[in-house]
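Good morning, colleagues, and thank you for making the time. Please look at the sequence and the structure on the screen while I go through them.

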Amino acid sequence: MARRLPPVDIVIVGMGWTGGIMARELGPTGQKIVVLERGGPRSTEEDFAVPLIRDELRFAQRTDLMMDTAKDTVSVRNNPTEEALPMRRLGSFLPGEGVGGAGAHWNGVSWRWADHDLKIRSTYEARYGAKFIPDDMPLCDWGVSYAELEPYYEKFEYIAGVSGKAGNLRGRLQPGGNPFEGARKRDYPLPPLTENYAGRLFTEATKGLGLHPFARPTANASRPYVNPDGMQLGQCQYCGFCERFGCESNAKGSPNITVIPVALKNPNVELRNWSWVQKVMLDSTGKKAVGVAYVNVQTGEELEQPADLVILCAYGLSNVHLMLLSGIGKPYDPQSGVGVIGSHYAYQGTASQQMFFEGKNFNPFLATGGLGAIIDDYHADQGFDRGPLGYIGGSTITAGGSGGRPIGYRPTPAGTPAWGSDWKRATAKWYQSALSVNALGAVMPHRQNFLDLDPTYRNRFGQPLLRMTFDFKDNDQKQNRHAAELCTQIGKAMNPTRVNPAFYPRSWSVVPYQSTHNTGGAIMGREPGTSAVNTWLQSWDVSNVFVVGASAFPHNSAYNPTGPVAALAYRTAEAIRDRYLKRPGLLA
Amino acid sequence: MSQPKVGRRALLLLAGGVAGTAGSPAAAQVPAAAAASPAVPVGYTFLKPSEAVFVEAVVTHMIPADELTPDGVELGIATFIDRALAGSWGKGDRLYMHGPWKTGTPNQGYQLPMTPAELYRAGIAQTNAWCETTHGKTFDRLTATEKETVLQDLSQARLKLPGGLPARAFFDVVYQTVMEGMFADPIYGGNRDKAAWKMVGFPGVMANNAQNIAIFNDGRRFPNEPVSIADMS
Ligand SMILES: Cc1cc2nc3c(=O)[nH]c(=O)nc-3n(C[C@H](O)[C@H](O)[C@H](O)COP(=O)(O)OP(=O)(O)OC[C@H]3O[C@@H](n4cnc5c(N)ncnc54)[C@H](O)[C@@H]3O)c2cc1C
């Protein structure tokens, strides 16, 4: 029998970016808040100390800061005719475990998704006609506008210490920024990072092609910085151990050094580590949550934490998993198309062009998370005509790089042997002189891409794994193929000595790392039948459960996700504070 | 020379008691190994003698001595592999190990019911068995050309291992660990004297580059003596 704990007002599941934001914002309401985090504590001094943290084998190869797939994982397959098999070790994506979540080891690239994403269906219908949207693509508007999210984007950029240059300040285009971004009221809190050689060449080449390069906006502090909560960030040292690592200089805007410590200063907020939530407990009507059931993973004890309000902040995939395990909302059935929980699962498109420049040194290890130049011309620019290309979405294209750690990064020209002296010579020759132009592509929802519970495989608690059915469908393939062509075009304009064949994935594999940008599964919207949560991320079915994270995204963009993940979290926190707590019930 | 190069430490191990191992003055090589002052002591904790011979043969073949670095065994890559297999990763740390076990598609990734250490052990035994059947000798005794073919065939899954182990799965773990042993921090036993980092120009763990990033952004090479974890400890 589980031990029942004294009730609290609010329980938050997960202490990463969104859990930290919710705890920070709701702490001052005076509510008694408990945050349950499945993993352990983390501090810069202990966990990210140099030289300990600068260990590619431990952190990048053995994924030390990340989800332990021996305990819980997902099962994967490309389509419903296949049998899903467990992802036995991490590969394609790297969810977090422990305080900070994936936010501890993220890169920091921060975008404001604008109306071309938030109103994607209306935008495409207006421009290309409703027929342009394939029948098997359940494309939807998000139910919020850029203007509504703008203040929350700003809030996140100032909390996380984003380095960048405004492209559109109150409607006025600014040189050096992204001319296609939504109008912003304030510039970024920090100037862009120092450009590296790769970024310079990319900038020159894309300008020459009439495109609009700018420094990628990223939460790697270009200068020492004190955020609005008084938290201090150090200056980024371009150490090249950013993505997959914690930052010893406190220069990466992570929840660990921003929202979480601020939240925990409040005596109303209690963090319980090693607390693995198994499900949200519902009352007999199934319409009200009464708390959560969890396990202390250090003692094995089962506990129940009663609460009036449950906020899931467990990362998109785990949010959906917990909803399915708890019976919150109607699970999606891909056959009939009925149900919403698990639908609209999407991921990230990619394409790349690897090149080699004799005699030029890119010093790929002088790098940081979001360093690089990027173009948004083939994504946010509404002038970019998708008609002849026949796809929805687009790609951002970049060169720069977050590090040149040599177990993972050793490009050689096509045809080079994989071992032996010739391999060594090619590796020695080209390590410094290789450069890749990379595309990050959108993924549109598809009826056959979804999440549900696996019928066979179970986690360490005996619960069914989350099952992921996903592949890059026709629309994504067209987009990624086009992105590969664009990468090649841009690459050639940089005058390389040698060029490898361009790459884009023909199907999704769980093996190579692509991105930790898993979206959908508990999507937001204005209608209960077609969305899992309203635009305040509140479950339509169980109104005292909020589901915060990229699980709410109805599609995935050509941008990284955390900007809108955080903005939506701030908007939700405000709605809970100002409206829900005064009058619990559906906010929409 | 017909005698294929065999890693000297495994040879020492194998030689233990066996007098006069042909053509290889093992004793003369002891000082060489000692002089390199490895970060991790020599000797094997996981690999059995015949396995050590196999691993050293693979490592020496894949990372031969040349103008760039000493051979892979001298770089400590076999030691690295031994420690990796003996340690938590080798024992299946973070690996989801519940059945049912199905082959699946390549997109579904690794699906064998074995830890990396078990996979290594089985792969060595089956590759050696295949070599014995086909060539009448174990892998380490093959000529360089024969070794090259075996490794190519394993990597392309053209070779059918007698115990039914998928060749590619074995090759993948071998290749991964050879590369890790070559380029990981020397504290794990490989990349001795940071030779692989020097080979490519990777500066290692010491990196306060807020100034350097502005200086080395015009195509010139960053001059650096690599720094390892041990150097900073
Ligand atoms: C290598 C890498 C690079 C990235 N780079 C970028 C980037 O450049 N830009 C960008 O926008 N995004 C990036 N991301 C993604 C970014 O990290 C996530 O979008 C962000 O962290 C999501 O916040 P979250 O709160 O939803 O999840 P997280 O920050 O991951 O927090 C979730 C927390 O919930 C906990 N949890 C999960 N299940 C349970 C449970 N059952 N019980 C208790 N606790 C639980 C987890 O342990 C974790 O601590 C990157 C991610 C990775 C891994």
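L451(A) has M468(A), in β20(A), as its bridge partner. The model I am showing is a predicted one. The two strands concerned, β19(A) and β20(A), the latter covering residues 464-469, run antiparallel to one another and are joined by 5 bridges. In the hairpin that they make, 5 residues lie between the strands, and G462(A) adopts a positive phi near 80 degrees.

This pair belongs to an open sheet of 4 strands in chain A, ordered β5-β4-β20-β19, in which the pairing is mixed. At its edges are β5 (85-86) and β19 (450-458) of chain A, each of which pairs on one side only. Helix α9 of chain A, residues 316-326, packs on this sheet and touches β19 and β20 of chain A. The direction of α9(A) makes about 120 degrees with that of β20(A).

In what order do its 6 strands run? The order is β8-β16-β17-β18-β15-β21, in chain A, and this open sheet has antiparallel pairing. Its edge strands are β8 (214-215) and β21 (498-499) of chain A, and each of these pairs on one side only. Within the sheet, β16(A), residues 372-375, and β17(A), residues 395-400, pair in the antiparallel sense over 4 bridges. I375(A) has its bridge partner in β17(A), namely I397(A). Here the packing helix is α11 of chain A, residues 474-493, which touches β15 (349-356), β16, β17 and β18 (434-441) of chain A. Its direction makes about 25 degrees with that of β15(A).

The loop between β15 and β16 of chain A holds N363(A). This residue has a positive phi of about 45 degrees, although it is not a glycine.

Two peptide bonds also deserve a mention. In chain A, the bond from V50(A) to P51(A) is cis, with omega near 10 degrees. P51(A) sits in the loop between α2 (44-47) and α3 (56-61) of chain A. In chain B, G99(B) and P100(B) are joined by a cis peptide bond, with omega about 0 degrees. The place of P100(B) is the loop between α4 (77-86) and α5 (116-135) of chain B.

I come finally to the ligand. Which of the 36 residues around it come nearest? They are T18(A), E37(A), A102(A), V109(A) and T562(A). For E37(A), an N or O atom of the side chain lies 2.7 Å from an oxygen atom of the ligand. Polar backbone atoms take part as well: that of G103(A) is 3.3 Å from a ligand oxygen, and that of G101(A) is 3.5 Å from a ligand oxygen. On its own the ligand has 990 Å² of accessible area, and the protein covers 98% of it.

Which elements give two or more residues to the shell around the ligand? These are α1 (17-26) and β12 (275-282) of chain A. β12(A) gives the most, with 3 residues. By residue class, the shell consists of 15 nonpolar, 17 polar and 4 charged residues.

That concludes my presentation, and I welcome your comments.

Definitions and conventions:
Residues are numbered from 1 along each chain as its sequence is written. Chains are lettered from A and ligands numbered from 1 in the order in which they are written. This is a predicted model: local features need pLDDT of at least 70, side-chain atom pairs count only at pLDDT 80 or more; totals for chains, interfaces and linings use all residues. Side-chain values use heavy atoms; hydrogens and water are left out. A residue is near a molecule or strand if one of its heavy atoms lies within 4 Å of it. A polar contact is a pair of N or O atoms within 3.5 Å; within protein, one must be able to donate a hydrogen and the other to accept it, and residues adjacent in sequence count only if both atoms are side-chain atoms. Accessible areas come from the Shrake-Rupley method with a 1.4 Å probe; for residues, only the protein chains shown count as cover. Ala, Val, Leu, Ile, Met, Phe, Trp, Tyr, Cys and Pro count as nonpolar, Asp, Glu, Lys and Arg as charged, and the others, Gly among them, as polar. Two strands pair if DSSP finds at least two bridges between them. Contact means heavy atoms within 4.5 Å. Axes are lines fitted to C-alpha atoms, for helices over the stretch in contact, and angles run from 0 to 180 degrees between N-to-C directions.
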